[in-house]
Amino acid sequence: MLADLQARNHATPHAVSILEDAVSAREWWADQWPEGQVYVAGLVAQDVQDGLFDTAGRWPLCLTCSGPEHSLYIQPDLGGPDPVWVCEESGDVVAPLGGLGD
Ligand SMILES: [Zn+2]
């Protein structure tokens with residue numbers, strides 16, 4: 001997740017603090033419900049995305065398509081299992097979560 005922020009030059013102190021808050025909230029949640037562990041990474045990514053949207057704008061942007069600026073989103077919506085970034089325009093899988101820089 002941090003790797004994805006870094007890959008898109010978005011690992012600002014503000015973004016990292018959103019990430020840390022999201023991780024601690026979701027880990028607390030997974031402690032209450034261990035089966036939820038597979039969803040944690042994807043949910044954290046969605047939390048960071050939402051947090052950044054209010055302050056810094058769209059993240060992560062799709063770099064694959066041409067045309068108007070648009071973002072990627074986490075699929076499956078529930079956050080897991082096996083979360084991937086999907087382009088909101090084309091619906092194509094762009095990278096696994098954590099793999100935007102690869
Ligand atoms: Zn796209």
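In what follows, a strand is a DSSP run of E with at least two residues, and strands are numbered from the N terminus. The model is a predicted one.

Three strands make up an open sheet, ordered β1-β2-β3, with antiparallel pairing. At its edges are β1 (72–75) and β3 (93–96), each of which pairs on one side only. From one strand to the next, the twist averages 35 degrees. Strands of a sheet pair through backbone hydrogen bonds, in either a parallel or an antiparallel manner. Here β1 and β2 (residues 84–87) run antiparallel and are joined by 4 bridges, while β2 and β3 pair in the antiparallel sense over 3 bridges. Valine 86 illustrates both pairings: this residue of β2 is the bridge partner of tyrosine 73, and valine 86 also stands opposite valine 93 in β3.

The two faces of β1 can be told apart. In a regular strand the side chains alternate between the two faces of the sheet. In β1, Leu72 and Ile74 form the covered face, whereas Tyr73 and Gln75 form the uncovered one.

Which helix packs on the sheet, touching β1 and β2? It is helix α3 (residues 37–55), whose direction makes about 155 degrees with that of β1. The length of α3 can be checked against expectation: because each residue contributes 1.5 Å, its 19 residues should span 27 Å, and the 28 Å between its end C-alpha atoms agrees with this. Buried residues of α3 include Val40, Leu43, Val44, Val48 and Leu52. Two glycines, Gly42 and Gly51, are also among the buried residues of this helix. The buried residues of α3 pack against α1 (2–7) and α2 (13–32), as well as against β1 and β2. After α3 comes glycine 57, with a positive phi near 100 degrees.

The loops hold several backbone features that deserve attention. Most residues other than glycine have a negative phi, and most peptide bonds are trans. Two peptide bonds in this model are cis. One joins tryptophan 59 and proline 60, with omega about -15 degrees; proline 60 is in the loop between α3 and β1. Another joins glutamine 75 and proline 76, with omega about -5 degrees; proline 76 is in the loop between β1 and β2.

Positive phi values also occur outside glycine. Asparagine 9, in the loop between α1 and α2, has a phi of about 55 degrees although it is not a glycine. Is asparagine 9 buried or exposed? Its relative accessible area is 72%, over the 50% cut-off, so asparagine 9 is exposed. Aspartate 82, in the loop between β1 and β2, likewise has a positive phi, near 55 degrees. With a relative accessible area of 67%, aspartate 82 is exposed.

Glycine 91 may now be considered again. The hairpin of β2 and β3 has 5 residues between the strands, and in this hairpin glycine 91 takes a positive phi near 80 degrees. Its relative accessibility is 42%, which lies between the cut-offs of 20% and 50%, and glycine 91 therefore counts as partly exposed. Glycine 91 and glutamine 75 are 16 residues apart along the chain, and their C-alpha atoms are separated by 9.8 Å.

Which residues coordinate the zinc ion? The donors are Cys62, Cys65 and Cys87, each through SG, and His70 through NE2, at 2.1 to 2.3 Å. In sequence these donor residues follow the spacing C-x2-C-x4-H-x16-C. The angles among the 4 donor atoms are 104 to 120 degrees, and the site is tetrahedral. Cys87 belongs to the range of residues 84–87 that forms β2, which links the zinc site to the sheet described above.

Cysteine 62 has a relative accessibility of 10%, which is under the 20% cut-off, so cysteine 62 counts as buried. Histidine 70, at 4% relative accessibility, counts as buried for the corresponding reason.

Terms used. Residues numbered from 1 in each chain as written. Predicted model: local features only at pLDDT ≥ 70, side-chain atom pairs only at ≥ 80, totals over all residues. Heavy atoms only, no water. Donors = N, O, S within 2.8 Å, 3.2 Å for Na, K, Ca; no water. Tetrahedral: all angles 85-135°; square planar, octahedral: opposite > 155°, others 65-115°. Buried < 20%, exposed > 50% of the residue type's maximum accessible area, 1.4 Å probe, protein only. Pairing = 2+ DSSP bridges. Axes fitted to C-alpha atoms, helices over the stretch in contact; angles between N-to-C directions. Contact = heavy atoms within 4.5 Å. Expected span 1.5 Å × (residues − 1).
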